[in-house]
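Let's take a walk through this one together. Have the sequence and the coordinates open side by side, and we'll go from contacts between helices to the core and the pocket.

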Amino acid sequence: RVRVRVRVRVRLDSSGTMAEEEEASAAFAEAIGVVEKQPWDVAAWKTMAEEAREGRSGELGVEQVHATFFRRFPAAAEAWQEAAAWHIDQGAPEEDVEKVYEDAVANCCDVGLWQTYIEFLIEAGGGEAVSGSPTEEGEELRVRVIKAFERAVTMLGQAINAAPLWRAYLGFIGAWPEHNTVAKADKQRGLRKIYERCVVLPLEGVEGLWAEYCEFERRINEAAAAAALGAVEHLHNNAAAVIAERRKFWRRLDLSGYAVPPGQSARGLRWEAEQLQLWRLTLSYEKNLPELQDETQRTLRIAAAYRHMLCALMHYPEATLFLSLSLS
């Protein structure tokens, strides 16, 4: 596609003119024009960010475009990942990339975002060659990554789509070195603890996690496996029993993070009304879900649901109402 360079004066939002722009692409200029008329046009904002990262926004820098973009859409996980990837491609210092990810996870509810962040931490620390080595450097990296995984599963480990996050956690521990019997026992204990936490959660894919856990215990000690598995099997069965029903609520919700005020969605007022009603029903379901989880796990699951809701409905007065009802 041929792009034409044009001269435009750029105003990114109601704060006024940000810069005199020269040599911006036609696509960037067109997106600016759309945003000036329709400030919540998601497609136009995406185009502006993409053009800026490709160096087609003239004198207006990528950082300026990103800053304005994320003031408008702070919970857009996809865009945060693209911003982090751009910094990495530009050879930005590790601390700059980490700051982008920290800003991202502070504003978003997205399992994939956390996985990408943790993958970055591993690579920045030397990769699997270091994290799997029995060295002081390897131990430091393992501690750092474990802290990140714990933050992630505390925030989103109970999200219905969190199984890949738990599996990544297990995969990371599974790559630890077994240079002596103590290290091997520590690794087994670490894996067992993670399995015991995730196989009792109502997640898409929990049956697969349960099958892996059964194989793990039987591989260690066939005779002792029955007792270990029996201790959590009833909790797993309870979680597995509600997945289909839970899926009915979550699959129709917009979890993209591109939150817009009432009346501003390109999908129309009817769709917005349907989303509000779906959130109302989903939150009620999560609060009243019959299960055998302890109170701590139940609280984390409900908190994750409300966090998702706030990312989607941050501009709606109903979001505050939903939250206040949860605290009452």
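Which side chain meets that of glutamate 78 in a salt bridge? The partner is lysine 46, at 3.6 Å from N to O; a salt bridge here is a side-chain nitrogen of Lys or Arg within 4 Å of a carboxyl oxygen of Asp or Glu. Glutamate 78 sits in helix H4 and lysine 46 in helix H2, so this pair, 32 residues apart, links distant parts of the chain. Glutamate 78 is partly exposed at 40% relative accessibility, and lysine 46 is partly exposed as well, at 28%. For those labels, buried means under 20% relative accessible area, exposed over 50%, and partly exposed in between (1.4 Å probe, protein chains only).

Before going on, some housekeeping. This is a predicted model, where local features need pLDDT of at least 70 and side-chain atom pairs count only at pLDDT 80 or more, while totals for chains, interfaces and linings use all residues. Residues are numbered from 1 along each chain as its sequence is written, and side-chain values use heavy atoms, with hydrogens and water left out.

Now zoom out. The chain has 15 helices and two strands; helices (H or I, at least four residues) and strands (E, at least two) are DSSP runs, numbered from the N terminus. Along the principal axes, the C-alpha atoms fill a box of roughly 75 × 50 × 35 Å. Of the 328 residues in the chain, 45% are buried. Take the contacts (heavy atoms within 4.5 Å) between residues at least 6 apart in sequence: 59% of them join residues at least 24 apart.

Back to the charged pairs. Searching the whole structure turns up 20 salt bridges. One of them joins glutamate 102 and arginine 151 at 2.9 Å, N to O. Glutamate 102 lies in helix H5 (residues 94-107) and arginine 151 in helix H8 (residues 136-156), so the pair ties together parts that are 49 residues apart in sequence. Glutamate 102 is partly exposed at 26%, and arginine 151 is partly exposed at 40%.

Arginine 301 and glutamate 286 also form a salt bridge, with their closest N and O atoms 2.6 Å apart. Elsewhere, salt bridges that share partners join Glu94, Glu98 and Arg144 into one network.

Next, the nonpolar interior. A nonpolar core is a set of buried Ala, Val, Leu, Ile, Met, Phe, Trp, Tyr and Cys residues joined through side-chain atoms within 4.5 Å. The largest one has 79 residues, and Phe69, Phe73, Ile118, Trp166, Val199 and Tyr213 touch the most other members. Helix H6 (residues 111-124) gives the most to this core, with eight residues. Setting aside neighbours within four places in sequence, isoleucine 118 is in contact with Val145, Ala148, Phe149 and Ala152. A second, separate core of 16 residues includes Leu278, Ala305, Ala312 and Tyr316.

Helix H3 (residues 62-72) is worth a stop. Its buried residues are Val62, Val65, His66, Thr68, Phe69, Phe70 and Arg72, and what covers them includes helix H1 (26-37), H2 and helix H4 (77-89). Histidine 66 is buried, with a relative accessible area of 5%. Leaving aside its neighbours within four places in sequence, histidine 66 is in contact with Arg53, Ala83, Trp86 and His87.

Finally, the largest pocket, with about 390 Å³ of space. On a 1 Å grid over the protein atoms alone, a pocket is an open set of points where a 1.4 Å probe fits, with protein on both sides within 12 Å along at least five of seven lines; lining residues have an atom within 4 Å of a point. Grid points are joined across faces, edges and corners, and the volume is the space filled by probe spheres set on the points. The lining has 24 residues, and Tyr258, Val260, Ser265, Ala266 and Trp271 are the closest to the pocket's centre. Helix H2 (42-53), helix H13 (269-288) and helix H14 (295-313) each supply at least two lining residues, with H13 giving the most, four.
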